[in-house]
Amino acid sequence: VNCLNFHPSGKLLASGSDDLRINLWNWQTKKLVKSIRSGHKNNVFQAKFMVCEGYRDSELELISTGRDGCVRHTIVAPSGHSTTNQIFRTSHAIHKVAIPARNDHIFLMAGEDEMVHLCDMRQGKVQTLVDVGKRLYSIATHPFDSEFCVAGNGSAVRVYDLRRAQNPKRVLAPSESTERRLHSSITCAVYNHDGSEILASYSESDIHLFKLDPTDGHMISSTRFRGHCNIKTIKGVSFFGPHSDNIKTIKGVSFFGPHSEYVASGSDCGYIYIWEKSSQTIVNWLRSNPGDVVNCLEPHPEFPILASSGVEDDVKIWVPKGLKDEQEAPLLDSNDLRRYVRRNLNHRNIYRTDFGLRATPLSRFFPTLTYRRRSGAHLNVDDAVDDLQEQDDYDRPGRSRLDCSPS
């Protein structure tokens, strides 16, 4: 299951998958409302609801993209009958679409043809907005402004103004030169709730948060969130090298909370990691099925609820419960968390070494992994990863530490 999207009302959840279908779910009752033949000839990469002013509320509209390079428009009538039409086609995979703020009749699309295209649904026209010159795996729009950001091959998130998109307004990248050289691609980049931050998930590396100046929008600082693993491909296709032309890992990343207080990501190890943004601390750790690769996370538009999917055949809904409620998900175990974080680090380091890259000490990415007591219910474990390789200059005073405080 390659994509998830909640309807803005929060009542329905759309999913798209390798069976070339778009499914509409009543997530509260776990019922499949409608299974739609998407019309795509290859893997469905995104299915996104469109809610346009002036359209009939009883109809559902979706935009879908696929590995076949097609972008399709699907309408589901109140009777349940669905129709789909092709809007755009290219010879390269189209990964994502995004809807600009205050203009719900147009959408932007980005893919491996290295271009951002704009479609106006009122006129039925598609135009090329900008040639980025990089294969694109992600596009997101500012929640209030005319900005949008794109990411893909390379280490930079590029931010454009929809009204003047010939050149990027700014280019965001990790500050450390060593980090920039190690990043082969960005699999997802998103804005926070007010557009003051952009979150980017780097293949083979960490998640980076870029904080923007509210006056001119330029980057003030960047922080990292560590512990997950983003290496495997979405279809299990093997890489022939770190810059292979094979399809990349399309692993998402998301802010979580009404004011983007948390960062959430799936991992190749089959877990969902949730960090507290202010401290970069792992505060929750959710287990999917053993052997799964979690790629997609979709926060509910209103409630503290997450939907997840990936290289598996189902969609999971994660709902918070009180301590006295029946717990369906396994409780977070700090020893298991420590073990999986260590394993993720080793996998990432081995991957780089196998493909001939300079072996980088794990301490470069995880100088210290500690568990600290944040409340009486939390564990305090010192020297959690004492078998990591020799510390280097990243462990000097002033560098950030990775803290895992289960809650």
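The model is predicted, so local features require pLDDT of at least 70 and side-chain atom pairs pLDDT 80 or more, whereas totals for chains, interfaces and linings use all residues. Residues are numbered from 1 along each chain as its sequence is written, and side-chain values use heavy atoms, with hydrogens and water left out.

**Overall fold**

- The protein chain has two helices and 29 strands, taken as DSSP runs numbered from the N terminus (helices H or I, at least four residues; strands E, at least two).
- Of its 407 residues, 56% count as buried, meaning under 20% relative accessible area with a 1.4 Å probe and protein chains only.
- Among contacts (heavy atoms within 4.5 Å) between residues at least 6 apart in sequence, 49% join residues at least 24 apart.
- The chain exposes about 18,100 Å², of which carbon and sulfur atoms supply 47%.

**Aromatic pairs**

- Rings of Phe, Tyr and Trp (its six-membered ring) pair if their centres lie within 6.5 Å; planes under 30 degrees apart count as stacked, over 60 as edge-to-face and the rest as tilted.
- The count under this rule is eight aromatic pairs.
- Phe6 and Trp27 form an edge-to-face pair, at 6.2 Å centre to centre and 85° between the planes.
- This pair links distant parts of the chain, 21 residues apart: Phe6 belongs to strand β1 (residues 3-6), and Trp27 to the loop between β3 (21-26) and β4 (31-37).
- Phe6 counts as buried because its relative accessibility is 4%; Trp27 counts as buried because its value is 12%.
- Phe225, Tyr271, Tyr273, Trp275, Trp285 and Tyr340 are linked by ring pairs into a cluster.
- Arg343 lies over the face of Tyr340, 4.7 Å from the ring centre (rule: NZ of Lys or CZ of Arg within 6 Å of the ring centre and within 35 degrees of the ring normal).

**Second largest pocket**

- The second largest pocket has 17 lining residues, with Lys232, Asp268, Cys269, Gly270 and His347 nearest its centre.
- Helix α2 (residues 334-354) supplies the largest share of this lining, four residues.
- On a 1 Å grid over the protein atoms alone, a pocket is an open set of points where a 1.4 Å probe fits, with protein on both sides within 12 Å along at least five of seven lines; lining residues have an atom within 4 Å of a point.

**Lys251**

- Lys251 lies in the loop between β20 (219-225) and β21 (253-256) and counts as buried because its relative accessibility is 0%.
- Beyond its neighbours within four places in sequence, Lys251 contacts residues including Cys229, Asp268 and Asn295.

Technical notes. Buried means under 20% relative accessible area, exposed over 50%, partly exposed in between (1.4 Å probe, protein chains only). Accessible areas come from the Shrake-Rupley method with a 1.4 Å probe; for residues, only the protein chains shown count as cover.
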